[in-house]
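Please keep the sequence and the 3D view open while reading.

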Amino acid sequence: MRRWMGISTSISFSNVQLHLHHQKNCALPRRYHSAQALFPRSATTTAKMLIAILALLFLSLAYGVHHIISHQTGLLHQIFTQNIFTTLQLARLIGPPNPNDLVTLPDTIPDSISTSKISTAQALATQRINHARSIIDFSYAGPKLELEDRLRLRALANSRLVVAFGIDTSLTSSSVSVHKEFHKLANASISKSNADWQKLYEVSMNFLQREKIGRNSVHLAECVRCLCFVVVLVSQFEADLMKLDGSIVKQVTDEINTQWLKSKVNDGTLKRSEKLKRYLYTLFEDPEKSVVTGAAISSTQALGLIIPQYETLWRVVLLTYITAYHRQSDRRSLKKRVRDVPACLGNAAIEKEALKLAKEGLRLYPSNNSIYRALPGTGPPISADVQACHRYFDVWGPDALEFRPERFDNLTPLQEKAYFPFSLGSHKCPASRGFGNRIVTMLVVSMGRALSPETGKLNFRDAQLDDEVGTPLPTGRDEMENWSWDLVLVQRS
Ligand code: HEM
């Protein structure tokens, strides 16, 4: 009541004086006068008050309408002023993060990012980033989940990989002991010295030089798959390449790819591949042909160690190589950036600039486009859209789809928050501590030097990709099979 009176007094001070004057000369009881002072009865006064209230209502309504319109216009303006714009990005910006997601967006935009300082579109992107983070770090399922529960939610979401490959690893098992054992093996293999990196670079260059012999055209996806597989064999198992049969590498990688694609269909027909089992036996267990002498692990255990490395590498290496070496006009700064590779790798003081190549590659083309988790009850898995978080215009700027390693010179707090190619929290990939960026850089640079833009031309067999270098590259594992590097024959006079 006091508030109401305050408003009425301020808008019509003369009315109050009028009521007081009327009270003095009137014979009505005092109680009635005080009520009358609060609710003045004179027709003019009531009319004036009504007008004042209506004016207030109108002002509030006008403000509300203006607020809504300016937000929507702002959002549309932001969308349509992007340099490169696709329907997919629009859908990502204004649609739900993932149509399969059952988890609702959190209401709040927490910590250091204050709503008053950021645009509506940024706030929306921030909500989606928080949503993705909550899936990846398991907080969607409750606070402080036990290790076993976290492993179970991840294993359930990845169960197709067990059916497809028979592997039993950190990523597919809910057993704490399997997880810890797997971590030990993984950690042991990713600790590399500078000399190790030089050796892996040599392996990589030799492989690529051999791929080119007698060919005018290199099938890129196949070549990169085999390259990554061979480098992982050497890096993880110190494989003897003299004993390696190149045709087996091609067949193993083809079969892993086919199984992976089949596992996504989920039509109940998925089973382990007998062919893959045979090839792996030859590589790891055959007393005559094995490339790993004295291996103490079975071929299935070996595959378990290979998959998280090989599968996270080949697509990001292929797409980063194409983008950095064949779709940028400024090759000079790229050459300068990677000038000291491989000599700089493993030396924190001098490798920083070169590693930004991998960081930007993993931003645009994260190895895991999405990270999956099961819901605590039943139902389909939920997923965090990593690629979308790495590409939001409102976070990364209008050049979000451009390849600019120098953006890693200085990331904003929101960009830091939106970038998680190696996952987050207690289940962050062990390769995030340096190995991941180094191996991607080393492989991309080998590709760029062996299959250089100076000596060959890319052929996508797709008019738009071939003619417009700004067209974003498709990232699906089955969308790169037609791409080749074709030797440019230099005419000799
Ligand atoms: C560029 C290379 C790599 C990328 C981008 C990458 C990315 C990832 C991601 C996103 C996860 C989390 C998956 C999830 O939680 O569902 C993960 C987990 C893991 N990765 Fe990697 N990975 C890479 C290389 C490697 C390598 C070389 C190894 C080991 C030899 C490795 C071993 C593991 C292990 C053991 C985990 C499970 C971590 C845990 O749950 O504690 N990764 N990786």
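The points below go from the whole chain to single residues.

This is a predicted model: local features need pLDDT of at least 70, side-chain atom pairs count only at pLDDT 80 or more, and totals for chains, interfaces and linings use all residues. Residues are numbered from 1 along each chain as its sequence is written.

**Overall make-up**

- The chain has 21 helices and five strands. Both are DSSP runs numbered from the N terminus: helices are H or I with at least four residues, strands are E with at least two.
- Of its 493 residues, 32% count as buried. Buried means that 20 or more other C-beta atoms lie within 10 Å of a residue's own; exposed means 12 or fewer, and partly exposed is in between, with C-beta atoms placed from the backbone.
- Take the contacts between residues at least 6 apart in sequence: 72% of them join residues at least 24 apart. Two residues are in contact if their C-beta atoms, placed from the backbone, lie within 7 Å.

**Nonpolar cores**

- The largest nonpolar core has 76 residues. Such a core is a set of buried Ala, Val, Leu, Ile, Met, Phe, Trp, Tyr and Cys residues joined through C-beta atoms within 7 Å.
- L227, C228, V317, L318 and L443 touch the most other members of this largest core.
- Two or more residues of this core come from each of α8 (159-165), α10, α11, α12 (246-265), α13 (274-284), α14 (299-326), α16 (348-364) and α20 (435-450).
- α14 gives the largest share of this core, 15 residues.
- Beyond its neighbours within four places in sequence, L443 contacts S204, L227, C228, V231, L313 and V317.

**The α10–α11 pair**

- Helices α10 (residues 194-212) and α11 (residues 220-237) pack at about 145°, with axes 10 Å apart. Axes are lines fitted to C-alpha atoms, for helices over the stretch in contact; angles run from 0 to 180 degrees between N-to-C directions.
- Ala, Val, Leu, Ile, Met, Phe, Trp, Tyr, Cys and Pro count as nonpolar, Asp, Glu, Lys and Arg as charged, and the others, Gly among them, as polar.

**Around the ligand**

- The ligand has 26 residues around it, of which T312, S423, H427, C429 and A431 come nearest.
- By class, the shell has 15 nonpolar, 10 polar and one charged residues.

- A418 is in helix α19 (residues 413-418). It counts as buried because it has 26 C-beta neighbours inside 10 Å.
- The C-alpha atoms of A418 and R133 are separated by 8.5 Å, yet the two are 285 residues apart along the chain.
- L319 is in α14. With 20 C-beta neighbours inside 10 Å, L319 is buried.
- Leaving aside neighbours within four places in sequence, L319 contacts G361, Y365, L473 and T475.
- L487 is in strand β5 (residues 484-487). L487 is partly exposed, with 15 other C-beta atoms within 10 Å.
- Leaving aside neighbours within four places in sequence, L487 contacts N216, S217, T455 and G456.

**Backbone exceptions**

- Most residues other than glycine have a negative phi, and most peptide bonds are trans.
- V341 and P342 are joined by a cis peptide bond, with omega about 10°. P342 is in the loop between α15 (331-337) and α16.
- K144, not a glycine, has a positive phi of about 50°. K144 is in the loop between α6 (120-136) and α7 (147-157).
- E238 has a positive phi near 50°. E238 is in the loop between α11 and α12, and counts as exposed because it has 12 C-beta neighbours inside 10 Å.

Definitions and conventions: Near = placed C-beta within 6 Å.
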